[in-house]
Amino acid sequence: MHKFRDRMSSITDSAAAHLHLDGVESLSRSHTPLHFSRQSTPQPPASPIGLLRSHVHPFPSLSEALADPNKDILRYFDSFSSAKVLLIGDSSHGTSEFYAFRAALTRYMIEHHGYTMVACEADWPDAESIDRYVRRRPGPGPPATIESEAEARRAGRELSFMRFPRWMWRNKETHEFVEWLRCWNKGKDVKKEAVGFYGLDLYSMGSSMRAVINYLEHVDKDMAEKARQSYWRLHEWSEDPHEYGLETLVSSGKGFKGYEDDVVQVLQNLLSKRLEYERIKWDGDEFHGAEQNARLVKDAEHYYRAMYYARDESWNLRDTHMFQTLQRTLDHRGSHSKAIVWAHNSHIGDARTTSMGWSADEINVGQLCREAYGKKALSIGCLGYTGKVAAAKRWDGDMSVMHVKPALPNSYERLMHDTGIKNFVLDLRTKHCDKALREALMEKRLERFIGVIYAPATERQSHYSFAVLPEQLDGIVYFDETEEVGALEVHQPPGPLEFDETWPFGL
């Protein structure tokens, strides 16, 4: 009896299967409704890993991708050229692939999409000496390029980016870009056509004071003397400005309020002579440089005083200064100007979508650019899973080549690694990114940030923050394994500590 039932069950199942197939075939041949329906089985949602595999744009090694005549890896970002401000970030200050890709995309955007300036997370005076070199600017200031000390002495040029961390800009990747930019600018109008190179940061208080006085010596010796008198007391603290900040805190009850009034007076005196000085010579570029240096001194004085009151305030002052310097330089270059910003992901991604904004009330350049320019500000971040990085073990230490630990579980970098795709680019914008993939990436995850110091022993505490990637960045470039930048030197002479560059990421 059991055998009979089993046989009948088998026959019934077989018949049902044939009936089902016949029904499907009949449905394909005729619109006549059938007397049975096929119920669809709900499909489980695709995993983030599967969605990434289906929708990223992979490429081989960076050198192979850049050697491709079609330049697919660069053309992928053509639609980003609508931005007036394109921010390209790195997740460490010592990774070759991040620097090389950023330089290559910047070249492409200059050649094909009319970008007119590169603005870096670097000191204004050093970057301005590079700008004199690449644009062949007339004027009294010294030009400089990125080269070894011996080569600079032979050529009679100034050295640039000599404070810690030297390797951040004194590397072969940046050197090659600077030399390319000088060639690109050859024969172009210095003011209207040549692409400029600028610094946005505020850690050059002493050299900026000297630059203001040097400029005034060429245009107004009396005003130069006034500036010298206003600056001299603050200049005594320029080698260790944190001590100045601490002194204003501990001595405030004794009547010492700092030298804010003095540095503001220099800036006001300079601005009051704008029209007169700009008419003298050099077509306004030298005045613009002196103005930015005077503003830097004012902002740096405020920054060092604020540092001992609230860390978030000092960070916000720094990134606000960087953003305002970017805006003023865009205005100086004219209505046609378009800028590419080189900085760490912590500066160029939108702080409102990371732990920086959620828990620390911090803002950054990326957020301020989005608020000011809307969709005309776009950001691309470089991410990596493991490899090597150029970094120091402590502030003012020599550069070391260090192994980067594999990214932590629950991080975006680990998710990307688990795809098995070594390198890829991905547009994260709405209507450019697959909807399901974008929604999957909206889950809050860890993201790694390595600055100029790398502390693998405290990897989680020192180098990770939570983020919502599709809201933080508009596009990403992912490298599964990376190499260190090609530093020109590894020894680092001693210099003053910059706390904001060490806590928590060494940025």
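Tutor: The discussion below sets computed values against definitions. This is a predicted model, in which local features need pLDDT of at least 70, side-chain atom pairs count only at pLDDT 80 or more, and totals for chains, interfaces and linings use all residues. Residues are numbered from 1 along each chain as its sequence is written, and side-chain values use heavy atoms, with hydrogens and water left out.

Student: Why does Arg 132 count as buried?

Tutor: Its relative accessibility is 10%, and buried means under 20% relative accessible area (1.4 Å probe, protein chains only), with exposed over 50% and partly exposed in between. Arg 132 therefore counts as buried.

Student: What makes the link between the side chains of Arg 132 and Glu 286 a polar contact?

Tutor: The distance is 2.5 Å. A polar contact is a pair of N or O atoms within 3.5 Å; within protein, one must be able to donate a hydrogen and the other to accept it, and residues adjacent in sequence count only if both atoms are side-chain atoms.

Student: Why is Cys 369 called buried?

Tutor: Cys 369 has 0% relative accessibility, so it counts as buried.

Student: Which residues have the most contacts inside the largest nonpolar core?

Tutor: Among them are Cys 369 and Leu 326, in a core of 75 residues. Such a core is a set of buried Ala, Val, Leu, Ile, Met, Phe, Trp, Tyr and Cys residues joined through side-chain atoms within 4.5 Å. A second, separate core has 54 residues, including Trp 169.
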